[in-house]
Amino acid sequence: MQNRFGKQGKAIVIGAGIGGLCTAIALEQIGWEAVIYERARELKGIGAGIVLAANAMKALDRLGAGERVRALGAPVRTAEIRDWTGRLLVRLPAREQAQRCGADSYMIHRADLQQALLGCIRKESICLGHSFSRFETEENGVRAFFENGEAACGDVLIGADGIHSNVRKQLFGEELLRYSGYTAVRGIAVYRNERYPVETGGGFEAWGKGVRFGFSHIGHGRIHWFAAINAPEGAEKRFAGNKEDLLKRFEGWYEPIREVIAATDVSAMLWNDIYDRKPLKSWSAGRVTLAGDAAHPMLPNLGQGAGQGMEDALVLARCLSLSKYRENAANSAENAVTASGIEAACQRYELLRLKRTKAIVRGSRMIGRIVQLENPLALAVRNLAMRMIPARLQSKRLDWIVGHEV
């Protein structure tokens with residue numbers, strides 16, 4: 001049965017980030033028409049590196065982008081945590097975890113991930129230059145309005161417009177962002193030094209007093225790195241573009257930290273204060289729901305921001321697909337996707353996703369407090385615990401996240 005839009009249903013997706021692209025791909029796979037509305041006038045390959053844990057890779061396989069991502073990225077082969085001097089605290093068993101969880105984790109440039117996803121969707125499914133203004137629900141659908149004066153109608157509207165989501169704002173009102181307590185600098189560099197050989201897919205984090213540094217080889221000769229620095233809110237405005245100050249902050253640290261910073265052009269660095277939001281009790285209202293960072297923005301400490309958006313996409317599509325079969329017997333062919341079916345699907349979707357994403361949001365904040373410690377005694381206790389607890393046990397504590405499959 002088809003509805004008035006000519007397919008199983010039509011979805012309006014707000015935002016062409018990773019979450020929005022994955023949502024549209026998943027919906028098209030179940031026979032829906034999905035149109036993405038993006039405020040930017042062009043999709044630029046911006047951003048730095050991104051980790052895709054095994055759960056994200058399994059989701060990408062279901063979305064049809066897994067092989068392309070594997071070709072563009074690098075499997076995680078070495079994951080070490082060191083102190084700021086380079087002393088090894090733990091070497092996590094990446095290969096063993098991959099075997100337990102059914103897939104390798106990968107590092108990839110965010111722009112490459114975007115291109116892999118764009119290759120799975122029709123170009124005409126994306127409408128650029130459409131800044132979302134508001135929505136109105138109607139008897140047989142939902143209508144989205146844009147600042148350029150245009151409007152769009154669909155059966156369901158999905159806000160995938162990120163941490164500053166305007167769809168979320170209309171659903172639930174103004175909310176405060178929660179500052180993490182640290183600002184971050186991220187960069188991509190072409191770097192190679194025989195004194196510090198790092199295999200493709202290898203990397204480490206170095207932890208200091210209120211500061212940490214991450215270094216990952218993401219393939220094709222590129223290094224993704226980040227620095228997280230405890231600072232008052234608004235620090236990004238003071239630090240942005242100040243490469244010399246950044247180098248001074250890591251004076252005396254384990255090399256190759258300063259070398260890879262020095263090898264990075266300032267134009268290839270991103271400076272941002274890091275935020276999340278308090279988890280919502282509900283993501284949906286009628287025919288409107290949220291996905292990805294719009295629903296559950298989280299700190300990056302567990303590397304799950306993108307992966308959870310991918311899981312959202314697949315679960316939402318599955319719920320909408322099932323709603324059709326539940327409602328078809330009682331409805332006419334002209335309106336196979338009913339309001340009650342859509343609302344039930346959105347409610348089922350958030351029921352399946354709320355508990356897991358809430359736990360990951362909270363876990364990411366907890367990890368952030370541990371890795372950004374400043375108290376010298378607390379630092380010593382933390383580092384001792386990292387050395388004493390078996391690496392396999394530390395790795396297994398994350399299996400509930402990394403090994404998950406929707």
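Me: Which residues form one aromatic cluster in this structure?

Reply: Trp84, Phe213, Trp225, Phe250 and Trp253 form one aromatic cluster. Please bear in mind that the model is predicted. The structure holds 11 aromatic pairs.

Me: How is a pair of aromatic rings described?

Reply: One gives the distance of the centres and the angle of the planes. Take phenylalanine 213 and phenylalanine 250 as the case here: their centres are 5.3 Å apart and their planes stand at 75 degrees, an edge-to-face pair.

Me: Where do phenylalanine 213 and phenylalanine 250 lie?

Reply: Phenylalanine 213 belongs to strand 15 (residues 211-219), while phenylalanine 250 is in the loop between helix 8 (243-249) and helix 9 (257-262). The pair therefore ties together parts that are 37 residues apart in sequence.

Me: Are phenylalanine 213 and phenylalanine 250 buried or exposed?

Reply: A residue counts as buried when its relative accessible area is under 20%. Phenylalanine 213 has a relative accessibility of 0%, so it counts as buried. Phenylalanine 250 is buried too, with a relative accessible area of 0%.

Me: Which charged ends sit over rings?

Reply: Two cases may be named. The charged end of arginine 134 sits over the ring of phenylalanine 145, at 4.1 Å from the ring centre. The charged end of arginine 212 sits over the ring of tyrosine 182, at 5.6 Å from the centre.

Me: How many residues of helix 5 are buried?

Reply: An α-helix has 3.6 residues a turn, so residues three or four places apart point the same way. Helix 5 spans residues 110-118 and is mostly covered, with 7 of its 9 residues buried. The buried residues are Ala111, Asp112, Leu113, Gln114, Ala116, Leu117 and Leu118.

Me: How many disulfides does the structure hold?

Reply: A disulfide is a covalent bond between the sulfur atoms of two cysteines. This structure holds 0 disulfides. For cysteine 127, the nearest cysteine sulfur is that of cysteine 153, 13 Å away, whereas a disulfide requires the sulfur atoms to be within 2.5 Å. Cysteine 127 has 21% relative accessibility and so counts as partly exposed.

Me: What is the mean pLDDT of the chain, and where is the pLDDT below 50?

Reply: The mean pLDDT is 91, and 92% of the residues reach 70 or more. Over residues 325-337, however, the pLDDT is below 50. That stretch has 25 contacts in the model beyond near neighbours in sequence. Where pLDDT is low, the predicted coordinates should not be read in detail.

Technical notes. Residues numbered from 1 in each chain as written. Predicted model: local features only at pLDDT ≥ 70, side-chain atom pairs only at ≥ 80, totals over all residues. Heavy atoms only, no water. Buried < 20%, exposed > 50% of the residue type's maximum accessible area, 1.4 Å probe, protein only. Helix = DSSP H or I, 4+ residues; strand = E, 2+ residues; numbered from the N terminus. Phe/Tyr/Trp six-rings, centres within 6.5 Å; stacked < 30°, edge-to-face > 60°. Lys NZ or Arg CZ within 6 Å of the ring centre and 35° of its normal. pLDDT = per-residue confidence, 0-100. Contact = heavy atoms within 4.5 Å.
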